[in-house]
Amino acid sequence: MNKFIGVALAAAVQMTSSLAYADVNQLSDVRVRQAIAYAIDMDTIVETLFEGKAIAADSMIPNGAWKAPGLNKYTYNPDKARELLKAANWDSSQTLDVVFYYGDQLTADLMVAMQAYLGDVGVKMTYRKLEGDVGGQLNAKPDAGSDTSAIKWDIAYGAKAALALQEYYNGYQMGTSSYTPGNKELDGLIERINGTVDVAKQKTAFADFEKYENENLSDIPLYYQQLFVYESKRMSRNGGQYGNDQFNYDWNIVNWTVEPDAKGKKVLYTNTAPSQFFEHPWLNPGVFIASKAGFDHLLTADGSLVPTGGQLAKSFSVSDDGMSLTFELKDGLKWHDGEALTAADVAWSIETALKVPAINAVFAKTFDSIEGATAFKDGSASSVSGIKIDGNNISLSFAKLDPNMLLTFSQFPPLPKHLLGDVNPLEFQQHSFWQKPIGSGPFKIEEVQMNDFVRYTPFADYHGGVAKVDELVSFPSGQGDANVLKNAAAGRLDFGFTKSVGDVKALEAMENMKVVAADIPYTRSLRINKFANNAK
Amino acid sequence: MLTFIIRRLLIVVPMLFVISFLVYLGLELTPGDAVSHMIDPEVASRISAEQLSEMREALGLNKSFLERYYIWIVNVLQGDFGHSLAGGVPISDIVFDRLPATLELSFIAIVFSTIFGCLLGVFSALKKGSLTDNSLSVVGMLGISIPEFFFGLVALLIFALNLQWLPIGGRLLPGYETIWDRLPHMVLPGFVLALMMTAGVMRYSRSAMLDSLSRDFIKTARAKGLPEWRINFIHGFRVALTPVIVLIGFRLPTLIGGSVIIEQVFQWPGIGNEFIAAVRGQDYPLVMMIALFSVFAVLMASLIIDVLTALVDPRVRLD
C-alpha cells in the first residue's frame with residue numbers, strides 16, 4: 001500500500017512539473033537562446049548547404065560601415081551550449097516547434113541540419129511549414145500588457161529584407177511584436193536609431209543596439225543572403241554600376257547596349273513579366289522590371305541605396321532640423337501617355353499611399369510622419385496639411401523626424417493622378433491601370449501579352465535621354481524558376497538577379513553569362529518566442 | 001436521339017450546381033483566404049487587423065460562406081462571372097485570353113494522337129507477335145511510363161538548346177502576327193503532349209482490334225469472301241473503335257486543365273498555369289470558373305461519347 005502511494009505521489013509530482021514546463025516558456029531565458037546560437041555551426045552550413053553563396057551572420061545588420069565592432073560571433077561551441085542549457089535548467093523532455101514559410105528544398109535541408117545540431121546538445125525540435133494565413137500565424141500579437149504569447153510556435157525561421165536599417169529593429173517596439181515582449185530599454189534604443197538624421201549619431205545608436213541584441217538575441221541571426229546580378233556577355237552596362245537590384249539605383253540603363261540580333265535589332269531580354277497584372281511599385285519598388293524601368297523617382301541613389309541627387313527633381317533641400325523637405329521638379333516632365341507630370345501627381349501619390357494598406361514599410365513611416373497625415377487617414381481632413389505645392393515645387397513638413405525620408409523618395413515612384421484618381425485605396429492593385437501601366441521612366445510599355453511577354457520601347461520624351469537599345473522584352477520567369485536557366489541557356493535572358501544558390505551555380509557554369517555578387521541587407525534569422533508564457 | 005440529348009443536357013444543370021457548391025466548399029475549407037495570400041507575411045506584420053478587415057470587406061470576403069456562394073451563383077446566372085481577387089481582371093477576360101493557348105495544344109495533341117495512335121495500334125494488332133508489334137509495344141509502354149515533364153525537358157535540351165531548331169518556349173514573341181510566326185513555338189509542346197497521348201491510344205487500339213478480330217462476325221466476313229482490307233478496316237476496326245472513342249472523348253476535357261505540366265515546362269501561357277496560380281492564391285472566382293468550365297467539358301464529352309458510340313456501333317441504342 002505504501003509502495004502504491006509512493007508511486008502515485010511520484011507520478012503526480014512529475015505531472016505537475018510537466019504541466020509547469022508546458023506553460024513556462026524557457027526560451028524567455030537568454031541563456032537558452034545563447035545556447036541555441038552556440039549549438040548551430042553556421043560556418044559549416046554555409047560551406048555545405050549554401051555552397052559558399054551566403055555569409056554567416058553575427059548581427060541582423062549586414063557587414064559594412066554600420067556593423068558594430070567586437071560582437072560575439074557565437075562560433076560553434078556545443079560544450080558551451082550544453083553548459084548554458086544546464087545553467088538554465090533546460091527541460092530536455094520538451095520539443096521545440098520550429099516553423100518556416102519557404103517551400104524550397106534548401107530550407108527543408110537547413111531544418112534537418114538544425115535539428116541534428118540542437119539534438120546534439122539536448123534540445124529536441126520538430127519543424128513544419130506554415131500554410132494558409134501565414135501572416136496571421138507569424139504575427140498574432142498578445143493583448144496589451146499580457147506576458148502570454150498569442151503565437152503557437154517557439155521559433156520561426158524567416159528573413160528580414162531591409163530597405164532602411166531601422167527596419168531590422170523597429171518591430172521590437174513594445175506591443176508591436178508577436179515574439180518579443182519588448183521593454184523600455186529596447187524602446188529607448190529604437191527611439192535613438194530613429195531620432196536623428198546625423199549619420200555619426202545614427203551609427204553610434206545602431207552600434208549600441210547591435211551590442212544589446214548580440215547579448216539578448218531577440219532574433220538569432222543565421223546568415224546574410226547575397227544578391228547575384230547576372231547578365232549576358234552580349235550586353236554592356238557601359239560603366240553603369242551594379243548594386244542592390246531588388247531596389248532602385250542609378251543603374252544607367254539608358255546607356256546600356258546590346259549586340260544586334262540577326263535582323264539588326266538591339267533587343268535586351270529580361271524576366272519578371274507579369275502573369276495576370278503588373279504589381280504596383282509601392283510595395284516592392286524595384287523587384288519587377290516594369291517598376292524599375294517604367295517609373296522614375298524624385299531622387300536617385302547609388303548601388304548601396306544611398307540617395308545621391310535628383311531624378312525627377314531638379315533640386316531638393318532639407319531643413320537643418322530635418323523637419324521639412326522641398327523638391328523642385330524638372331521642367332517639361334511627361335508621363336508615357338504624353339500628359340504632364342506635375343507636383344499635383346506627387347502630392348496625390350503621397351496622399352493615396354497613406355490609405356493603401358500594403359505599401360513598403362519605409363514609405364509608410366515617412367508618409368505617416370508628415371504633418372496632418374493622421375487626420376487625412378482617419379477622414380477628418382480632406383488633404384494632408386503638411387504637403388504644399390507651388391508650381392513645380394513640393395514642400396513637405398514633418399510632424400516627427402524620419403531619418404529615411406530621402407531614401408523613401410529615391411524609391412517611391414509618383415503615379416499618374418489623371419489615370420488613377422478614381423482608385424479605391426483598398427483595391428489599389430485591382431485597378432485596371434495595372435494591366436498596362438503608364439509610367440515616367442526611360443522605357444514605356446508597348447505591348448502586353450499576359451503570362452507570355454511584355455515589350456517596352458525607349459520613351460522618346462524621357463528627361464534623362466533616350467535609351468540606346470531598340471527594345472526591352474521581359475518574360476514571366478523569376479528567381480528560383482527553372483525557366484530562368486532555360487532562357488539564359490537559349491540566349492533569351494540578358495540581365496536579371498537572383499538569390500537562389502541553385503540559379504547562381506548553373507548561371508556561373510554558362511559560357512554566355514556572367515554573375516556579380518552584391519552584398520545586400522537581407523538577413524535570415526531565427527525569431528524566438530520570448531514571452532514568459534506560451535500559448536500552446 | 002434528340003430526346004436523349006435534351007434529357008442529358010437538362011441533367012447537366014443540377015450537376016453543375018452540385019459540383020460548383022462542392023468546389024466552393026473545398027476552397028472554403030482550405031486554410032487562409034485571398035488576402036492572406038496577397039500580402040507577404042513580412043508586410044502583414046505591420047498591417048493592422050482593421051486594415052486587413054477593410055481589405056477583406058472591399059473584396060467581399062467578410063461575408064459568410066453561404067452568403068458569398070449565393071452572391072456568386074446569382075451573378076453567374078446573370079452572366080457576371082466576377083473579377084479576379086488578386087488583380088481585379090474580369091474572369092471572362094482571363095478565361096478567354098488563356099483558353100485559346102490551351103486549346104491550340106489540345107487540338108494538336110488530340111488530332112495527332114488519334115490518327116497515329118489508331119493507325120499504329122491497328123497495325124500492331126494485324127502484325128501480332130512480329131518484331132514490329134513487339135517494338136511498338138515497347139515504345140508504347142515507354143510513352144505511358146515516362147513522365148511528361150522529363151520527356152519535355154529532354155525534347156527542349158535536344159531540339160531547342162543543342163540543335164537550336166525550335167524556340168525554348170513561350171507562345172508569342174514581339175512582332176508575331178501570323179500563324180506561321182507562331183508555328184515553331186507550338187511544335188515542341190504539341191509534339192510532346194501528342195506523343196505521350198499517342199502511346200495510350202495505340203495500346204488501347206491494339207487491344208480493341210485484337211478483341212474485334214477474334215469475333216465470329218470476322219469469320220463470317222471472311223467466309224463471304226470479302227477482301228482482307230475490308231474485313232480489317234470496315235468490319236474489325238469499326239467495332240474496335242468504340243472503346244477508343246471513349247478513351248479519346250474523356251481526354252478532351254482533361255486536356256483543358258490537364259496540360260499544366262507541359263505549360264510550365266514550355267512557358268506556355270495557358271489556362272492550366274492560371275488555374276494553379278488561382279488555387280494557390282485562393283482566388284475563388286477564378287478557380288470556380290475554370291473548374292466549372294472543366295466540369296462542363298467533362299459532361300459534354302460524356303454526351304458526345306454516347307452519341308458517337310451509338311453512331312459507330314449499331315447495337316447501342318440511346319433510348
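**A serine and its surroundings**

The side chain of A:Ser232 makes a polar contact with the side chain of A:Asp494 at 2.6 Å, where a polar contact is a pair of N or O atoms within 3.5 Å, one of which, within protein, must be able to donate a hydrogen and the other to accept it, and where residues adjacent in sequence count only if both atoms are side-chain atoms. This is a predicted model, in which local features need pLDDT of at least 70 and side-chain atom pairs count only at pLDDT 80 or more, while totals for chains, interfaces and linings use all residues. Side-chain values use heavy atoms, with hydrogens and water left out, residues are numbered from 1 along each chain as its sequence is written, and chains are lettered from A and ligands numbered from 1 in the order in which they are written.

A:Ser232 belongs to strand S5 of chain A, which covers residues 219-232; helices (H or I, at least four residues) and strands (E, at least two) are DSSP runs numbered from the N terminus. Leaving aside neighbours within four places in sequence, A:Ser232 is in contact with A:Leu493, A:Asp494, A:Asn512 and A:Met513, contact meaning heavy atoms within 4.5 Å. A:Ser232 counts as buried because its relative accessible area is 4%, the class being set at under 20%, with exposed over 50% and partly exposed in between (1.4 Å probe, protein chains only).

Of the contacts in chain A with a separation of 6 or more, 71% are accounted for by residues 24 or more positions apart. The C-alpha atoms of chain A fill a box of roughly 95 × 60 × 40 Å along the principal axes.

Chain B, for its part, has 14 helices and 0 strands, and buried residues make up 46% of its 319 residues. Among contacts in chain B between residues at least 6 apart in sequence, 74% join residues at least 24 apart, and the C-alpha atoms of chain B occupy a box of roughly 85 × 55 × 35 Å, taken along the principal axes.
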